[in-house]
Amino acid sequence: MKEVRVMSVFGTRPEAIKMCPLVKELSARPGIRSLCCVTAQHRQMLDSVLEVFHVRPDWDLDIMTPRQTLSGITSKCLLGMDEAIEHLKPDLILVHGDTSTTFAGALSAFYHQIPVGHVEAGLRTYDKYSPFPEEMNRVLVSGIADMYFCPTEGNRENLVKEGHQKGIFITGNTVIDALRTTVQKEYQFATDELNRLSYDTRKVILVTCHRRENYGEPMKNIMLALRQIAEENRDVELVYPVHLSPVVREAVDTYLRGAPRVHLIDPLPADEMHNLMARCYMVLTDSGGLQEEAPALGKPVLVLRRETERPEAVAAGTVKLAGVVQDDIVTMASRLIFDKKAYEQMAHAVNPYGDGQACRRIADAIEWRCGLRANPPEDYRA
């Protein structure tokens with residue numbers, strides 16, 4: 001039987017964290033040739049993840065440029081994918097989530113009439129400008145895809161409401177698979193500042209903030225809220241791995257640098273980030289992935305956004321929307337700092353995003369579609 005060539009396409013750090021375990025799972029399947037094409041939409045942060053998971057790309061578009069635009073990313077991805085497809089000749093292309101790489105990868109596959117599998121399919125806010133451009137990217141990819149790998153039942157229901165009936169699998173989220181690889185009890189950080197923190201006696205709060213829809217006034221409000229939390233709580237330490245975006249760095253320098261007990265550090269490799277998350281007290285973030293990762297580690301999450309495409313976590317009680325208003329963020333963070341019962345309710349809520357078997361289910365589904373196995377995988381049920 002002919003070997004099935006499956007090419008995984010990704011370009012950002014969050015995509016890499018969630019796709020590298022799948023690339024490796026596919027590599028272990030005898031009937032599949034697992035190929036990896038990276039766009040390097042985020043060059044430095046992508047490379048650190050590839051190193052952690054020991055994944056070597058078969059093709060690298062290397063598109064990143066300073067202050068790149070969405071149009072530039074998309075056009076360079078499309079042109080680069082033509083060459084990658086010509087050389088690697090995939091039978092199936094996998095894209096992940098909702099980035100510009102995701103949309104361009106799916107569109108290129110469509111132009112070449114190659115089937116598309118969408119990992120982390122079916123997430124929705126139903127506001128095309130929030131998150132921007134992610135919401136529209138994932139909606140457009142849903143129109144192209146042939147296989148949909150949904151983390152939750154709610155994601156499947158979103159797709160069915162939009163008229164997608166076939167090729168839908170509920171798999172859980174591959175990020176839970178990644179955590180099983182990276183989190184270690186006796187882990188020593190390469191970033192020595194993290195080794196010196198007193199996780200047992202201080203409330204260490206992990207912070208990330210980088211999304212485009214938060215640029216401007218929302219980001220200013222978030223930074224001022226973080227500063228106020230640090231200034232008003234002597235037993236709290238904030239650790240903020242600052243995104244490489246010049247816009248984000250400018251906001252951090254303007255409103256947060258110099259605040260007491262605030263550790264502004266460079267972006268962390270995936271294993272460092274996951275182990276910091278495992279030891280911290282709670283997480284304040286506008287990231288999508290951290291809303292899935294932190295609950296799996298028993299850490300409450302306050303989302304620094306107006307809405308979330310991950311309502312399952314809100315319903316489960318592991319995540320709360322804090323918004324982008326300074327007073328609201330401070331009030332909600334203070335409650336978790338001082339109210340032990342409120343903290344425990346969030347910390348012990350059941351994580352809805354998986355059991356660490358998402359990659360196996362996706363690989364099983366691909367084998368089934370390609371005639372390499374008799375039965376489809378069982379759906380994940382939280």
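Me: Which strands does helix α14 lie across?
Reply: Helix α14 (residues 326-338) lies across β8, β9, β11, β12 (301-303) and β13. Helices (H or I, at least four residues) and strands (E, at least two) are DSSP runs numbered from the N terminus.

Me: And at what angle does α14 run to β11?
Reply: At about 170 degrees. Angles go from 0 to 180 degrees between N-to-C directions, with axes fitted to C-alpha atoms, for helices over the stretch in contact.

Me: Before I go on, what kind of model is this?
Reply: It's a predicted model, where local features need pLDDT of at least 70 and side-chain atom pairs count only at pLDDT 80 or more, while totals for chains, interfaces and linings use all residues. Residues are numbered from 1 along each chain as its sequence is written, and side-chain values use heavy atoms, leaving out hydrogens and water.

Me: OK, back to the strands. What's their order in the sheet?
Reply: The order is β10-β9-β8-β11-β12-β13, an open sheet of six strands with parallel pairing. Two strands pair if DSSP finds at least two bridges between them.

Me: Which ones are the edge strands?
Reply: β10 and β13 (319-321), as each pairs on one side only. From one strand to the next, the twist averages 20 degrees.

Me: How many bridges join β8 to β9?
Reply: Four, between residues 203-208 of β8 and residues 236-241 of β9. For K203, the bridge partner in β9 is V236.

Me: What does helix α9 touch on the sheet?
Reply: α9 (residues 217-232) packs on the sheet and touches β8, β9, β10 and β11 (282-285). Contact here means heavy atoms within 4.5 Å. The direction of α9 makes about 150 degrees with that of β9.

Me: New topic: where is H263?
Reply: In strand β10, which covers residues 262-265.

Me: Buried or exposed?
Reply: H263 counts as buried, at 17% relative accessibility. The cut-offs are under 20% for buried and over 50% for exposed, with partly exposed in between (1.4 Å probe, protein chains only).

Me: What does H263 touch?
Reply: Leaving out residues up to four places away in sequence, H263 touches E193, L197, E237, L238, V239 and Y240.

Me: How many residues of helix α11 are buried?
Reply: Eight of the ten in α11 (residues 270-279). Among them are A270, M273, H274 and L276.

Me: Last one: how do α1 and α7 pack?
Reply: α1 (residues 13-27) and α7 (residues 174-182) pack at about 80 degrees, with axes 8 Å apart. I17, K18 and P21 of α1 meet T174, V175, D177 and A178 of α7.
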